[in-house]
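Hi,

Here is the structure I promised to send over.

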Amino acid sequence: MSLKIVVLAKQVPDTRNVGKDAMKADGTINRAALPAIFNPEDLNALEQALRLKDAHPGSTVTILTMGPSRAADIIREGLFRGADGGYLLTDRAFAGADTLATSYALATAIKKIKDYDLIIGGRQAIDGDTAQVGPQVAEKLGLTQVTYAEEILKVEEGKITVKRRIDGGVEVVEAPMPIVITVNGSAAACRPRNARLLQKYKRALTPTERVSSGSDYASLYEQKDYLNLVEWSVADVNGDLSQCGLAGSPTKVKTVENIVFQAKESKTITASDAEIEALVVELLANHTIG
Amino acid sequence: MANLYKDTPALKFHLTSHPLMERVVELKERFYADKDTYDYAPQDYQDAIDSYDKTLEIVGEICSDVIAPNAEGVDHEGPKVVNGTVQYASGTVENLRTTTQAGLMGMSMPRRYGGLNFPIVPYIMAADIVSAADAGFENIWGLQDCAETLYEFGNDDQRSRFIPRICKGETMSMDLTEPDAGSDLQSVQLKATYNEADGYWYLNGVKRFITNGDAHIHLVLARSEEGTKDGRGLSMFIYDRNDGGVTVRRIENKLGIKGSPTCELVYKNAKAELCGERKLGLIKYIMALMNGARLGITAQSVGISQAAYNEALSYARDRKQFGRAIVEFPAVYDMLSSMKAKLDASRAILYETARYVDIYKALDDIARERKLTPEERAEAKMYSRLADAFTPLGKGMGSEFANQNAYDCIQIHGGSGFMKDYTCERIYRDARITSIYEGTTQLQVVAAIRYATNKTYLNRIREFEAMECSEDMKGLKETLVSLAVKYEAAIDKVMEGKDNEVIEFFARRLVEMSAYIIMAHLLVRDASLAPELFAQSAGVFTRYTAAEVAKHCEFINNFTADMLADYRK
């Protein structure tokens, strides 16, 4: 069966190579010193998507990303590796989003995309490290979710079999599609950019980028539709402004502290309401949250 | 993020800054005729150069992220023979998978066969970068060169059956050497017998020292004419591993390039097909193949020189003795600047030669489609001759420089460099083969000497002298002009007795002087355009050239034929 796959991907500052000048004097990120890159675990997710496409001819892989105009780079990076197209969610109203507002925006875009079998993204982004966006998107769309995926083993008759990396081992699960999967960094690395695809797509631009790029090769955009990348605003995805960007973000950062992990043991609880409630009570009591 | 292409700005200079490049690209692209047929074909010259540049960024990224980190493991693990076939080291498997996924196989092949249709310059630049990451992997990856020979001399049917497979990642080998046929390929014995019944040839015998001998597709030199003893009885064949008949008897245990399997092959009735015409195997096809391969080894040498320089510079900056980084000591920066000058000089002649090859090969290919104009024929002839003259200079000197740089790299590391803990020991071992295979340095001298004695090199030097240079480079150019006078006098002195033994005895010295003066001119030209990249090397290399020329002239001018007796054994 051919599959329609949406890859959630984020452009992030490269926090893995933080040098002396990564922070400006006022404590904000010096973006010039930290190049913007494809979030590493999103690349692992893209590789899983591309492998499914290889195994299921006729499948399509579409990149969905939210960010400023330059985040169109993420779509091009996807195209250079074998994706078929992409959407850039970009609007001033999306700015300042926390995970709730981000997952809202992505979910509205996915509703607009409408036809999909699999939504796949990285476990978490290296700038926020929350691992919340994937699961929240699944909840908002009412879809099954599988997290910490390491490898998609097979897709058959509307069911997907996934190997998960869990505490102390691996677990193989089967789930119905459509589904949201988040991929762990231990999954296979993404394939490199391909020279032929790079030459095909190197001039693919969003309408905003085309305004600033001037009129070079203008006729190509008439002849080759795949060079026109799609930009969506809040209005394009019928978004509710109060749920987007800063307005839709209840998260407020009060302080940031350095922490050192000291606990050596982990605790496993089941998914029952009683155990989850007990954990929440415990965390509130010892002021870990709240 | 490290990127071996972007971190080496000299590469982009050689890709973009030479006036001949525009001609190279327009010929290779047939004036951009593919642009409406293939979605990845360039629109114009700038677009093509931009595509090469971006593709080389991919090469640089893969080399920095995958191939270089795998190099040590591959060197230790090496390939194995399992049931008559080669099993690569795990890092080699990953390297091949990655370069194939990136579309870096069959780079110079036409698009209709699935290639990128890149000229030799960007292809050989990729080889330069791959070699800096892991010279041993270059041997496997770089054998895609053989596709050039298959394309040039195979028929349409063979091209369309084999070349798309190479572009999809199947590897190649060139099966030439035998136990009794090394430098002297005329004595190849592998027997090719024609079978009237099925129209195929069958190969029987043994080949030795075959790089990547378990490749998917082999070009094989074999004796098709029974009863003959010389090169005129040899033909070139294509052997497809899928047909079976060749087994790997053993893999050599080598000093360096250990990731590259060097195989002894046994042919037992191996089915093969003739490529090109009978009897032209050695005298035409293999000679063409070897010229391409020699350019590849020059690139490998330059990559090794680059790796040696990078390792040495980084160590010299980190290592402190007597309270200072050792790079600050004259004894050390003398070595480092000489390494850099030799690196820049060999790279300059590599890309100069590659441009010559590009122009004549593209014109030769156009000649298969239509008749060339008289101007085009003259152009092809001139660049073909220059390519033939420059190829052995680049291979000969480039490989010697790679060895010298690898030696100095260890020297700068001191005692640590002698330990297996540092990359420089692998570079040193890998460098050693470059001045031996595809024709030893001594054989490069044999190939080059006629261009020294018939003054082809001198004429080219005179053309370089007439070229514009920047104000800052004028002093160096004057030095080079005066060196050419001494060089010409030395040639005349060697030639005056018309004694062949004397000429052969001095051939190395004459060829070295030719190479030094030519490379110094190239650096002066490059430094005129990009002083920030090459001015230091132009100065260092010109002074080195002056000292070498003086040394050789001193020797030649004071020599009389009777002194040969002291050297004969």
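Let me start with chain A: of its contacts between residues at least 6 apart in sequence, 68% join residues at least 24 apart (contact here means C-beta atoms, placed from the backbone, within 7 Å). Before you read on, the ground rules: this is a predicted model, where local features need pLDDT of at least 70, side-chain atom pairs count only at pLDDT 80 or more, and totals for chains, interfaces and linings use all residues. Residues are numbered from 1 along each chain as its sequence is written, while chains are lettered from A and ligands numbered from 1 in the order in which they are written.

Chain A has eight helices and 11 strands; these are DSSP runs numbered from the N terminus, with H or I over at least four residues for helices and E over at least two for strands. With a radius of gyration of 20 Å against the 19 Å that the globule rule gives for 290 residues, chain A is as compact as a globular protein of that length. (That radius is taken over C-alpha atoms, and the rule is 2.2 Å times the number of residues to the power 0.38.) The C-alpha trace spans about 65 × 55 × 40 Å along its principal axes. Buried residues account for 40% of the 290 in this chain, where buried means 20 or more other C-beta atoms within 10 Å of the residue's own, exposed means 12 or fewer, and partly exposed is in between, with C-beta atoms placed from the backbone.

Now the sheet. Nine strands of chain A make an open, mixed sheet in the order β9-β8-β7-β10-β6-β1-β4-β5-β11; two strands count as paired if DSSP finds at least two bridges between them. Its edges are β9 (169-176) and β11 (230-232), each pairing on one side only. Neighbouring strands are turned by 35 degrees against each other on average, direction ignored. Axes are lines fitted to C-alpha atoms (for helices, over the stretch in contact), and angles run from 0 to 180 degrees between N-to-C directions.

Within that sheet, β6 (118-122) and β10 (179-183) of chain A pair in parallel over five bridges, and A:Ile120 has A:Ile181 as its bridge partner in β10(A). β5(A) is mostly covered, with four of its five residues buried. Five bridges tie β4(A) to β5(A) in parallel, with A:Met66 opposite A:Leu89. The chain gets from β4(A) to β5(A) through α2(A), in a right-handed β-α-β crossover: with the strands pointing away from the viewer, the path from the first strand over the helix to the second runs clockwise. On to β11(A): three bridges join β5(A) to this strand, again in parallel, and A:Leu88 stands opposite A:Glu231.

Two helices to look at: α2(A) (72-81) lies across β1, β4 and β5 of chain A, at about 160 degrees to β4(A). α3(A) (99-113) lies across β1, β4, β5, β6 and β11 of chain A, at about 145 degrees to β4(A).

What does the contact between the chains take from each? It uses 15 residues from chain B and 11 from chain A. On the chain B side, α3(B) gives the most, with six residues.

Last, a spot in chain B: B:Asp492 lies in helix α16(B) (474-496). B:Asp492 is exposed, with 11 other C-beta atoms within 10 Å.

Cheers
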